[in-house]
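User: Please take a close look at one part of this model, the nonpolar packing, and connect it to the elements around it.

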Amino acid sequence: MPGDRALQDDVIRALADAPYRASADWRRRGLADPDRVERYARFLARHFYYERIIHFFKYSRALTRVTGRAPEAILKSAAFDALLPTLVLGSRETAGAVARLVTAHVAAGGAPVPYLTDLLRYEEAMLMVEAGPRVWRDGTPTEGAGSPKGVPAGPGERYAPEKVEGTVLLELAFDLPAVLPSLLQPWTDVPQAPERPTTLLVARSPHGRVAVAKSDEGVAAVIELADGKRTLEELAQGAGLQVAELRQTLQGLVDLGALRFSTGS
């Protein structure tokens, strides 16, 4: 017979993972009334994504009086109800599905905000990047935890930079960072964003902290080329950087959680 901890973990998994909750493996356990479990799991799902929508779509929410579309309204929609049998709380797949519902809902209002498309792409990326496995305690490995923590210093590197799964580069038509703080302040006329091409890097640390930084062509090239196979010298050549300059760039990207170092054989 499984211990109390195993039973507890199984119940928690069933509440968070709709496909598992519907599986024969779970149902044959007979640990709880299926209807009550389903109702509670759906309550948890709405609460879980309400918190994330409020946080990551706060700028779209600030524009609700212009768009007429509150981002969190999708949680009471038929479209969200249709997702419930597939939801796995905290997964990137579910985060993407929920984010797409929000962006479609807000965009359908047709508000005359020139940068709204860019803003929704930015907020969608934030919600998706935050999702996925993470380190809950130091020493616990996960996909975002690189080895080693810093940039290797020795010649003939056995360590190759690798983009962390979930890291996103956004090519935008408007300079969103210039307008975002204003959206959360009192305003009468909609704050305007400068129309100039802007590249943003969105990444998450192994512990789940989402960070955003402006990116130039060199940083974007490093992110695109970092496949865990190229050495520092090869990466520097492809990105058009000096190796010393690349090392400084890499350290910043490792600190953000955008890159890690994979060990070669």
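Analyst: Start with Val 98. Leaving aside neighbours within four places in sequence, Val 98 is in contact with Tyr 49, Ile 53, Ile 74, Phe 80, Leu 83 and Leu 127. The model is predicted.

Val 98 is among the residues with the most contacts inside the largest nonpolar core, which has 43 residues. Phe 57, Tyr 115, Leu 116, Leu 119, Tyr 122 and Leu 176 share that standing. Helix 4, helix 7 (78-83), helix 8 (92-107), helix 9 (116-130), strand 2, helix 10 (180-183) and strand 3 each supply at least two residues of this core. Helix 9 gives the most, with 8 residues.

A second core is separate: it has 21 residues, including Ala 203, Leu 235, Leu 250 and Phe 261.

Now helix 4, residues 34-56. Its 23 residues reach 32 Å from first C-alpha to last, close to the 33 Å expected. Val 37, Ala 41, Ala 45, Tyr 49, Ile 53 and Phe 56 are buried in this helix. Asp 33 caps its N-terminal end, with a side-chain oxygen 3.2 Å from the backbone nitrogen of Asp 35.

Three strands form an open sheet in the order 2-3-4, paired antiparallel. Strand 2 (168-172) and strand 4 (210-215) are at the edges, each with a single partner strand, so one side of each has no neighbour in the sheet. The twist averages 25 degrees from one strand to the next. Strand 3 (residues 198-204) is joined to strand 4 by 6 bridges. Leu 201 stands opposite Ala 213 in strand 4. Helix 13 (residues 243-256) lies across strand 3 and strand 4, at about 55 degrees to strand 3.

Methods
Residues numbered from 1 in each chain as written. Predicted model: local features only at pLDDT ≥ 70, side-chain atom pairs only at ≥ 80, totals over all residues. Heavy atoms only, no water. Pairing = 2+ DSSP bridges. Helix = DSSP H or I, 4+ residues; strand = E, 2+ residues; numbered from the N terminus. Axes fitted to C-alpha atoms, helices over the stretch in contact; angles between N-to-C directions. Contact = heavy atoms within 4.5 Å. Expected span 1.5 Å × (residues − 1). Buried < 20%, exposed > 50% of the residue type's maximum accessible area, 1.4 Å probe, protein only. Polar contact = N/O pair within 3.5 Å; in protein donor to acceptor, adjacent residues only side chain to side chain. Core = buried A, V, L, I, M, F, W, Y, C linked by side-chain atoms within 4.5 Å.
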